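Me: I have a model open and would like to learn how to read its features one by one. Could you walk me through it?

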Amino acid sequence: VHSARAADLWIVMGTKRLPIVNETPAKSADTIDSRDVEKVYDRYASWYDHLFGAVLDPGRRAVAQAVQILGPSSILEVGVGTGLTLPFYPENTRIVGIDLSAHMLARAHERAASLPRHDIELHVMDAESMIFESASFDCVVLPYVLSVTPDPARLINEVRRVCRPSGHVVIVNHFSGSRTWWLLERLVRPLAARIGFRSDFGFTDNVLSHDWIVESVRTVNLFGLSRVVVLRNG
Ligand SMILES: C[S@@+](CC[C@H](N)C(=O)[O-])C[C@H]1O[C@@H](n2cnc3c(N)ncnc32)[C@H](O)[C@@H]1O
């Protein structure tokens, strides 16, 4: 019996290799990969705005308001989706939006075309491995993407690389711990890859564990579903 990878056991019989057991670890309940993200959001694209538009808009507006106060000259929006936050940004700012899903981005292109006074550029790109040079943006905005991306820590490292030193990162996301939402969080947890987001997502593990400066945290959306966090890139 040989071990090809730690996970696969097989037996050699003559010239044939027969697998006797495949112990490739199953995906854990909240594991998402970039193909899951692309597939799920390509599928969501045509009805995303009806399902997640108005209900999550208070968070998008709060993010844009925070950005307006910061007054950056360039903004990168990561996971721009169908572009629902775009109309809320200031007109005199360079805005770059990226997303893994080409179908979501096609909607964002339509929305951008209806905002001729905004300076908007959109690209299909994985935010965990961006083509932008370091320190390219004054402000990076993450609306409802941190609990979706396959590896949130890797995304944050990339975001901090492309954000200039002392620039800002503004997040709006659901974080676990709300008394109203805990049951739903646990019920949908095993469905993360299929529904395209993790419901059970810790604030300490995913935000406070990084060495950036937390400038403010504010609760938004229905029954305090989400938090808007303003961070300074140290
Ligand atoms: C829940 S949607 C949010 C869309 C939009 N920001 C909004 O406010 O409705 C998450 C989006 O992030 C995108 N996304 C997830 N992980 C990504 C990654 N690593 N790089 C780029 N886009 C990503 C998904 O394709 C999807 O469009």
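Me: In which loop does Asn-221 lie?

Reply: Before we look, note that this is a predicted model, where local features need pLDDT of at least 70, side-chain atom pairs count only at pLDDT 80 or more, and totals for chains, interfaces and linings use all residues. Residues are numbered from 1 along each chain as its sequence is written, and side-chain values use heavy atoms, with hydrogens and water left out. Helices (H or I, at least four residues) and strands (E, at least two) are DSSP runs, numbered from the N terminus. Here, Asn-221 sits in the loop between β9 and β10 (226–232).

Me: Is Asn-221 buried or exposed?

Reply: Buried means under 20% relative accessible area, exposed over 50%, and partly exposed in between (1.4 Å probe, protein chains only). Asn-221 counts as buried because its relative accessibility is 13%.

Me: What does the side chain of Asn-221 reach?

Reply: Think of polar contacts: pairs of N or O atoms within 3.5 Å; within protein, one must be able to donate a hydrogen and the other to accept it, and residues adjacent in sequence count only if both atoms are side-chain atoms. The Asn-221 side chain comes to 3.0 Å from the backbone nitrogen of Gly-59. Another polar contact, of 2.8 Å, links the side chains of Asn-221 and Ser-226.

Me: Now the ligand, please. Which residues come nearest to the ligand?

Reply: A residue is near a molecule or strand if one of its heavy atoms lies within 4 Å of it. There are 21 residues around the ligand, and Tyr-48, Arg-60, Gly-79, Asp-99 and Thr-149 come nearest. A ligand nitrogen is 2.9 Å from a polar backbone atom of Pro-143.

Me: How much of the accessible area of the ligand does the protein cover?

Reply: Accessible areas come from the Shrake-Rupley method with a 1.4 Å probe; for residues, only the protein chains shown count as cover. On its own the ligand has 590 Å² of accessible area, and the protein covers 98% of that. The elements giving two or more residues to the shell are α1 (34–44) and α2 (48–70).
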